[in-house]
Each structure stands twice: as C-alpha cells, then as structure tokens.
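Here is a short note for a colleague who is new to this structure. Please read the points with the model open.

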Amino acid sequence: MSTNLAQKLREGTTKAHSMAENVSFVKSFLGGVVDKKSYRTLIANLFFVYTALEEEIEKNKNHSVIRFIYFPELNRALSLKQDLEYYYGSNWEQQVYPSLATKIYIDRIRNISVNQTELLIAHAYTRYMGDLSGGQILKRIAQTAMNLSSHQGTAFYHFENIKDDKKFKVMYRRALDNVPINQIQVKNIIAEANIAFNLNMKVFQELNSNFIKIMGMLLLSAITSLRKKII
C-alpha cells in the first residue's frame, strides 16, 4: 500500500524550502552574483555533508527501509572531490574543513543513522531531489558568473550515471511511496526533512556572513583607492 510519501514530503516542506531559498547567499547566487571564495567554501562543506550521508546510506543499504532508496548513481562525494581539486588544487584535503554549521549537520546525519535509520530518507530526499531538480540551472549560473567552461568546477551538478533526470525522479518518487513505513514514521520523516532544510539554511547563512565581509572589504578598498586619487 502506497504511503504517498513523496507528495507529503513536498507539501510538508514547502515553507522550509521557501525560507532556504530566501537566504541572502542563495538569492545572490540565483541572481547571478557568485563570489568564488564563498562558492568554493560551499563546495567544501557539501563534500563533508555528502560524504557523511553516503557513508551512512551505504552502511544501511540492506536496511528494510533504506534499501528502497539506495541509488548509488546519486552519489555526489566523488564529483565534489573533482570540484575541490579544481578550486583548491591537488592538495585540497589539507586546505578544507567543515564549518561549525556543517559539523552540526554531519552530527545529525550520523546520529539518526544509528538511532532512527529510516530518517536518512529525509536527508537523501532534501539533497538529491534538489540537486536533480535545480542542478542544471545552478550549473549555468555558476558557469556564467565565474567564467567556467565545460564541467570545470561544476562536476557536482553532473549526474554521469543518470541519463534522464525526469524519468529518474519519477522512479525515485515511486520508490519513496513504496517504502514500508507506518504513519508515525511518515510524520517523523517529514519533520526530519524540515530539520534538513534548516541545517542547509544554517550553512548558507554562514556563507552569507562571509560574502558580506568580502563585499565590505572590496568596498572599503575601492573607497580608499578613490580617496587617494582625490588627495
């Protein structure tokens, strides 16, 4: 019997989704204003998030619930490694570390994997469906704003093993609907998906703070340069 989980997740996270999209960093990104330093920091943080998520899903791939949404073709950690090497160089592992908000996000994923494994569905849905749905648009924005070519610096958005995004999303939603869970678990998964959106929002808010600092420094530098010319 179908739980209609896919639709319930979409409807149950509408407000949280909207709030995440209205974080200044995200709005600036969607508007084509992309600071390369902030962007590469985002990629680093996402690497740590996806590494945790994909490790926990792999550990639980035979779990009675998780096996229904076990699709390794969605994995992003290896693609993010490619992007990190592009932005930081071959020694990127010595330069990146998870931010405070990212650590909290990772801890949540690790904790539920042990204590309420079925809640991993919420985190997989929040990240992967967002990547598939808006990935190509975000890729084009990043390429234009940072003058990138081909997949350089945007491997994250390229799902090499998924040939048709629309067909895959239909299959994924069907898999969600067929997960063997009860109504209490459905409510818990929706609640966890809202937590996942909030955790993402906290990561974006950190970037927003860094972006404002960078813009402020650039503005101060420009004003100082102008004053020197006037004097």
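**Notes on side chains**

1. Start with Lys-139. Its contacts (heavy atoms within 4.5 Å) include Ser-150, His-151, Thr-154 and Tyr-157, leaving aside residues up to four places away in sequence. Lys-139 belongs to helix H7, residues 120–146; helices are DSSP runs of H or I with at least four residues, numbered from the N terminus.

2. This is a predicted model, where local features need pLDDT of at least 70, side-chain atom pairs count only at pLDDT 80 or more, and totals for chains, interfaces and linings use all residues. Residues are numbered from 1 along each chain as its sequence is written, and side-chain values use heavy atoms, without hydrogens and water.

3. Rings of Phe, Tyr and Trp (its six-membered ring) pair with centres within 6.5 Å; planes under 30 degrees apart are stacked, over 60 edge-to-face, the rest tilted. Phe-71 and Tyr-172 make a tilted pair, 5.6 Å centre to centre with 50° between the planes. Phe-71 is in the loop between helices H4 (36–59) and H5 (77–88), and Tyr-172 is in helix H8 (residues 165–177), 101 residues apart. Phe-71 counts as buried because its relative accessibility is 15%. Tyr-172 is buried too, at 0%.

4. Ring pairs also join Phe-29, Tyr-39, Tyr-86 and Tyr-87 in a cluster.

Notes: Helix = DSSP H or I, 4+ residues; strand = E, 2+ residues; numbered from the N terminus. Buried < 20%, exposed > 50% of the residue type's maximum accessible area, 1.4 Å probe, protein only.
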